[in-house]
Amino acid sequence: MSHLYILIFFLSLLICTSCKSVTFNKNVPLEPTFEEHHFDQRIDHFNFQTVGEQKYKQRYLITVQYWKKSEGPIFFYTGNEGDIYGFQKASGFLTDLASQMHAMVVFAEHRYYGTSLPFGNDSFTDDHVGFLTVEQALADYAYLIKYLKQQYAALNSPVIAFGGSYGGQLAAYIRIKYPNLVAGSLAASAPLYWITGFGDRHGFWKSVTEQFGKHSDACVNRIKEGFAETASHASMNKFAEISQAFKTCQPVTSKSLNHLYGWVRNSFTDLAMMNYPYPTSLLAPLPGYPVNIACDMINAGKTAMEGLAAGASLFYNGSASAENSNAVQCFDIYKEYIECADPTGCGLGNDAKAWNYQACTEINLPGGSNNETDMFPSLPFTLEMRDQYCKENLHTTPRNDWLAINYWTENLKLASNIIFSNGDLDPWGNGGILQDLSPTLQAITVVGGAHHLDLRGSNPKDPESVIAVRQKEAAIISEWVQQHWQRLSKKLEL
């Protein structure tokens with residue numbers, strides 16, 4: 001037995017012991033210092049002719065504040081559809097755990113989002129946007145991992161991938177695609193079935209309705225009444241009353257009525273996703289349990305339409321409340337909500353352009369609401385309507401089966417070392433993995449958890465259930481790290 005083998009063996013025991021002693025309590029979350037860096041990343045990993053060796057500056061954030069060289073793992077967040085700083089601030093679990101496991105923490109920005117634009121302001125033209133694919137993004141992460149291991153002399157360090165929502169999908173996929181680089185993944189709130197075209201295309205809106213129903217049936221019924229009353233006003237050409245009730249900056253007309261409905265639906269979608277037990281600002285500044293507050297505002301309205309308008313305003317004006325409903329003069333529904341290939345919302349700015357393109361190529365998003373299994377007006381968005389929208393607006397045709405074929409949707413049980421976590425307050429939860437697929441593919445339910453609550457840092461208002469989930473996730477991850485060191489020690493022994 002070599003001295004190197006002995007060193008690695010005992011380090012593995014040390015790491016395992018420290019990992020299993022991790023406790024997630026209600027202390028104030030850690031606030032590590034992250035440095036911003038850029039990596040010269042290939043624009044095209046798969047075609048040697050298109051742009052040759054042309055590269056772009058991929059942004060990533062890194063902290064080695066807790067890292068112990070030659071001992072600690074690398075925690076790698078697979079960035080999703082937005083500026084990487086937002087996901088870093090909303091994923092304190094990584095640094096909470098890193099402080100216990102002596103890990104390096106990296107947040108990598110997804111190509112075409114934030115400042116990681118391969119062609120700058122021209123990134124979204126027809127001849128440039130085609131390099132925006134899941135596979136290109138995963139290859140970016142693979143090359144960045146390889147680079148960081150070399151830069152920090154961490155060639156033997158195990159990498160654990162983390163991600164939430166679309167980022168959770170990518171965390172699972174990078175383990176499937178590059179198991180040589182990633183020892184395991186935590187895929188939080190990743191709707192791996194829905195987003196690859198499996199299941200009920202109307203299921204998401206049913207799920208949003210169910211989340212509001214957890215406050216009360218009265219809230220759901222009042223929302224339905226609010227939409228019905230608005231439709232009744234429209235049928236009588238009372239658009240001035242509708243505009244006044246919703247405080248729209250531009251008058252609502254018969255042509256814009258469905259856009260108003262989409263604006264309301266978008267608000268309730270995001271309130272359900274961000275239904276955390278304390279104030280947050282991931283998508284917008286919101287109070288704790290915003291669904292409850294919105295329902296109280298809805299039920300308190302003088303009329304059903306006014307109540308609907310008050311509840312919808314909460315997302316667009318998070319400081320508003322039942323006592324402070326006049327915090328804004330008017331709502332610009334055309335700037336605050338932009339229709340796109342994703343009925344659940346694409347966001348704003350360049351990030352919205354990028355997500356709209358992905359929704360018109362690989363990503364399968366839900367269909368429209370139907371007013372039968374959900375509380376929203378019937379706003380159809382069939383696959384045929386999506387195809388037509390994408391052809392007219394982005395000159396693309398969606399490939400609905402590609403992700404399922406490329407990343408094993410029907411055969412996920414063949415993968416290994418992935419945690420699938422979903423909260424029972426998350427409208428995306430029913431589109432994810434809810435049962436264990438194998439001993440190494442574990443599904444965890446976060447009772448009382450909204451969209452990837454388990455990835456957030458410790459908070460005094462965390463329910464005991466999420467603390468227990470983080471503890472379980474930490475134990476699983478520590479086991480993966482231990483297994484990595486043990487496998488490495490056996491190779492060195494040979």
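Author: The expected span of a helix is 1.5 Å times one less than its number of residues. This is a predicted model, in which local features need pLDDT of at least 70 and side-chain atom pairs pLDDT 80 or more, while totals for chains, interfaces and linings use all residues. Residues are numbered from 1 along each chain as its sequence is written, and side-chain values use heavy atoms, with hydrogens and water left out.

The helix to look at is α11, residues 304-316. Helices here are DSSP runs of H or I with at least four residues, strands are runs of E with at least two, and both are numbered from the N terminus. From the first C-alpha of α11 to the last is 19 Å, close to the 18 Å expected for its 13 residues.

Most of α11 is covered, with 12 of its 13 residues buried (under 20% relative accessible area with a 1.4 Å probe, protein chains only; over 50% is exposed, and in between is partly exposed). The buried residues of α11 are A304, M305, G307, L308, A309, A310, G311, A312, S313, L314, F315 and Y316. Their cover includes α7 (217-235), α8 (239-246), α9, α10 and α12 (333-336), where contact means heavy atoms within 4.5 Å.

Two of these covering helices, α9 and α10, also meet each other. The axes of α9 (residues 257-273) and α10 (residues 290-300) come within 8 Å and cross at roughly 140°. The two helices are therefore oblique to each other. On the α9 side, F268, L271 and A272 take part, and they meet P290, V291, A294 and I298 of α10. By class, this contact has 7 nonpolar residues, with no polar and no charged ones.

H451 lies between β8 (441-446) and α16 (464-493). With a relative accessible area of 2%, H451 is buried. Leaving out residues up to four places away in sequence, H451 touches S165, S189, M273, M274, Y276, D426 and W428. Of these, M273 is part of α9.

Another helix with a covered side is α13 (residues 349-359), where A352, A354, W355, N356, Y357, Q358 and A359 are buried. These buried residues pack against α4, α5 (166-177) and α14.

Y112 sits in the loop between β4 (104-108) and α4 (134-151), and its phi is near 75°, a positive value in a residue other than glycine. Y112 is buried, because its relative accessible area is 0%. H395, in the loop between α14 (383-394) and α15 (402-406), has a phi near 55°, also positive and also not in a glycine. H395 counts as exposed, because its relative accessibility is 56%.

G130 is found in the loop between β4 and α4, and at 39% relative accessible area G130 is partly exposed. G130 and N317 are 187 residues apart in sequence and 36 Å apart in space, C-alpha to C-alpha. G52 belongs to the loop between β1 (35-42) and β2 (55-63), and at 24% relative accessibility G52 counts as partly exposed. From G52 to R42 the separation is 10 residues in sequence and 8.7 Å in space, C-alpha to C-alpha.

Note on methods: Axes are lines fitted to C-alpha atoms, for helices over the stretch in contact, and angles run from 0 to 180 degrees between N-to-C directions. Angles under 35 degrees count as roughly parallel, over 145 as roughly antiparallel, 65 to 115 as roughly perpendicular and the rest as oblique. Ala, Val, Leu, Ile, Met, Phe, Trp, Tyr, Cys and Pro count as nonpolar, Asp, Glu, Lys and Arg as charged, and the others, Gly among them, as polar.
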